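Dear colleague,

I am passing on the structure we spoke about, and my notes on it follow below. Please read them with the model open beside you.

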Amino acid sequence: MTRKWGPAAMFAPKGIGLNRQCNNAWQGSSEQLAATTPSATRLSGRRPQGNFMQVHGSCHCGDISYEATVDPRKTSICHCSDCQKLTGTAYRVTVQANEGTFRLLAGQPSVYVKIGGSGARRAQAFCPNCGSSLYVHDADEPRIYGLRVGCIEERAALIPRIQVWSRSALGWTENLADIERRETT
Ligand SMILES: [Zn+2]
Ligand SMILES: [Zn+2]
């Protein structure tokens, strides 16, 4: 499928330093996967089926939706400074879609191409209307999709197994339990 990219989206920012970006790709080892046991069922009521859990994603305004299958164990947190900027918050949570399973169902995301530390061109897809971050893939070879977990309906079942770029993590993220917690505002 040929995907049109949104206007003014096909450029890379200048002046981004090397060695501070992630590829938002799963980097854990297979041993890490084997050593972990999904505990997501308790939270979501949905039972992840082995390595293939169906997920449904959509942006805030609802213009864009997609589906894919994921291995819930390939959920990660990235603390890199690019993810902090691109999300406007402290860190990003991403799950890798199983290859060949991503399907765009509605809408047309815009794409911002970020140059990774390795020189890889990473296409960051977002909704041109509401700005929700949706997914990332290699700009030249869109094979592996990293799905932004906040836009996934089944997100409660996607529990991160690894944190990367922790050297740029904001210190307070190490201990959220110490921060006062309210049910609503
Ligand atoms: Zn939207
Ligand atoms: Zn990152």
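How many bridges join S7 to strand S8, and do the two run parallel or antiparallel? Two bridges join strand S7 to S8 (residues 146-148), and the two strands run antiparallel, with Tyr135 standing opposite Leu147 in S8. Please keep in mind throughout that this is a predicted model.

To begin with the overall layout, the protein chain has three helices and nine strands, which follow one another along the sequence in the pattern α-α-β-β-α-β-β-β-β-β-β-β. Of the 185 residues in the chain, 34% are buried, and among the contacts between residues at least 6 apart in sequence, 68% join residues that are at least 24 apart.

The mean pLDDT of the chain is 83, and 73% of the residues reach 70 or more. Residues 1-20, however, have a pLDDT that stays under 50, and the model gives them 25 contacts beyond four places in sequence. Residues 30-44 likewise have a pLDDT below 50, with 20 contacts in the model beyond near neighbours in sequence.

Turning to the strands around S7, this strand covers residues 133-138, and five of its six residues are buried. S6 and S7 form a hairpin with six residues between them, and Gly131, in the turn, has a positive phi of about 85°.

Strand S6 also pairs with strand S5, antiparallel and over six bridges, and here Ser110 has Phe126 in S6 as its bridge partner. These two strands form a hairpin as well, with five residues between them, in whose turn Gly119 has a positive phi of about 95°.

Val113 lies in strand S5 and counts as partly exposed, because it has 16 C-beta neighbours inside 10 Å, which falls between the limits of 12 for exposed and 20 for buried. The C-alpha atoms of Val113 and Val136 are separated by 9.3 Å, although the two residues are 23 apart along the chain. Pro109, by contrast, is found in the loop between strand S4 (103-106) and S5, and it is buried because 25 other C-beta atoms lie within 10 Å. Pro109 and Cys127 are 18 residues apart in sequence, yet 5.0 Å apart in space, taken from C-alpha to C-alpha.

Lastly, there is the nonpolar core. The largest one has 34 residues, and those with the most contacts inside it are Ala68, Val70, Ala125, Leu134 and Leu147. At least two residues of this core come from each of strand S1 (53-58), strand S2 (65-78), helix H3 (81-87), strand S3 (92-97), strand S5 (110-115), S6 and S7, while S2 supplies the largest share, five residues. Which residues does Val70 contact, once its neighbours within four places in sequence are left aside? They are Met53, Val55, Val95, Gln96, Ala97, Asn98 and Leu147. Leu147, as noted above, is also the residue that stands opposite Tyr135.

With best wishes

Definitions and conventions. Residues are numbered from 1 along each chain as its sequence is written. Chains are lettered from A and ligands numbered from 1 in the order in which they are written. This is a predicted model: local features need pLDDT of at least 70, side-chain atom pairs count only at pLDDT 80 or more; totals for chains, interfaces and linings use all residues. Helices (H or I, at least four residues) and strands (E, at least two) are DSSP runs, numbered from the N terminus. Two residues are in contact if their C-beta atoms, placed from the backbone, lie within 7 Å. Two strands pair if DSSP finds at least two bridges between them. A nonpolar core is a set of buried Ala, Val, Leu, Ile, Met, Phe, Trp, Tyr and Cys residues joined through C-beta atoms within 7 Å. pLDDT is the predictor's confidence in each residue, from 0 to 100.
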